[in-house]
Amino acid sequence: QVQLVESGGGLVQAGGSLRLSCRTSGIIFRLNVMGWYRQAPGKQRELVADINIDRSTNYADSVKGRFIISRDNDKNTVYLEMNSLQPGDTGIYYCNAHRRAVFASSGSWGQGTQVTVSS
């Protein structure tokens, strides 16, 4: 049974920081591309950052220089360090896992964790 469990969301003031974690089970973690997506009210889900099996990373332009994605293959966990948070970063953050041969949309998703940034 595949499980992705996010944690670390919450309410923070603009300029603050949060660290999200996504603990996984039921997958071969080291063979999966891991990603963080977010969905703001009334908007489509969008990629925030992902990290490949070789630890190469990809970030949305809006978060470059502020967010850092990392992975711990021993703990089957992916992290998202979020700094200099802005109200526009508000949304539900979802963890995703997928093999390189498939699209992220066909992978596994967590239940999401709410991030709210107040101005």
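Arg38 counts as buried, with a relative accessibility of 6%, in a model that is predicted. The cut-off for buried is under 20% relative accessible area, and for exposed it is over 50%. Glu46, at 38% relative accessibility, therefore counts as partly exposed. Arg38 and Glu46 form a salt bridge in which the closest N and O atoms are 2.8 Å apart.

Arg38 also forms a salt bridge with Asp89, and here the closest N and O atoms are 2.9 Å apart. This pair links distant parts of the chain: Arg38 belongs to strand β4 (residues 33-39), Asp89 lies in the loop between β8 and β9 (91-98), and 51 residues separate them. In contrast to Glu46, which is partly exposed, Asp89 is buried, as is Arg38.

## Asp89 and Arg66

Which side chain meets Asp89 in a salt bridge at 2.8 Å, N to O? The side chain is that of Arg66. Arg66 sits in the loop between β6 (57-59) and β7, whereas Asp89 sits in the loop between β8 and β9. The two are 23 residues apart, and their pair too links distant parts of the chain. Both Arg66 and Asp89 are buried.

## The salt-bridge network

Side chains of opposite charge can pair when their charged atoms come close. The contacts described above join into a network of salt bridges that links Arg38, Glu46, Arg66 and Asp89. The structure holds 5 salt bridges.

## The open sheet

An open sheet is built from 4 strands in the order β1-β3-β8-β7, with antiparallel pairing. Its edge strands are β1 (3-7) and β7 (67-72), each of which pairs on one side only. From one strand to the next, the twist averages 15 degrees.

Inside the order, β3 stands next to β8. Strand β3 (residues 18-25) and strand β8 (residues 77-82) run antiparallel and are joined by 6 bridges. Where does Cys22 find its bridge partner in β8? The partner is Val78.

## Sheet and network together

Methods:
Residues are numbered from 1 along each chain as its sequence is written. This is a predicted model: local features need pLDDT of at least 70, side-chain atom pairs count only at pLDDT 80 or more; totals for chains, interfaces and linings use all residues. Side-chain values use heavy atoms; hydrogens and water are left out. Two strands pair if DSSP finds at least two bridges between them. Axes are lines fitted to C-alpha atoms, for helices over the stretch in contact, and angles run from 0 to 180 degrees between N-to-C directions. A salt bridge is a side-chain nitrogen of Lys or Arg within 4 Å of a carboxyl oxygen of Asp or Glu. Buried means under 20% relative accessible area, exposed over 50%, partly exposed in between (1.4 Å probe, protein chains only).
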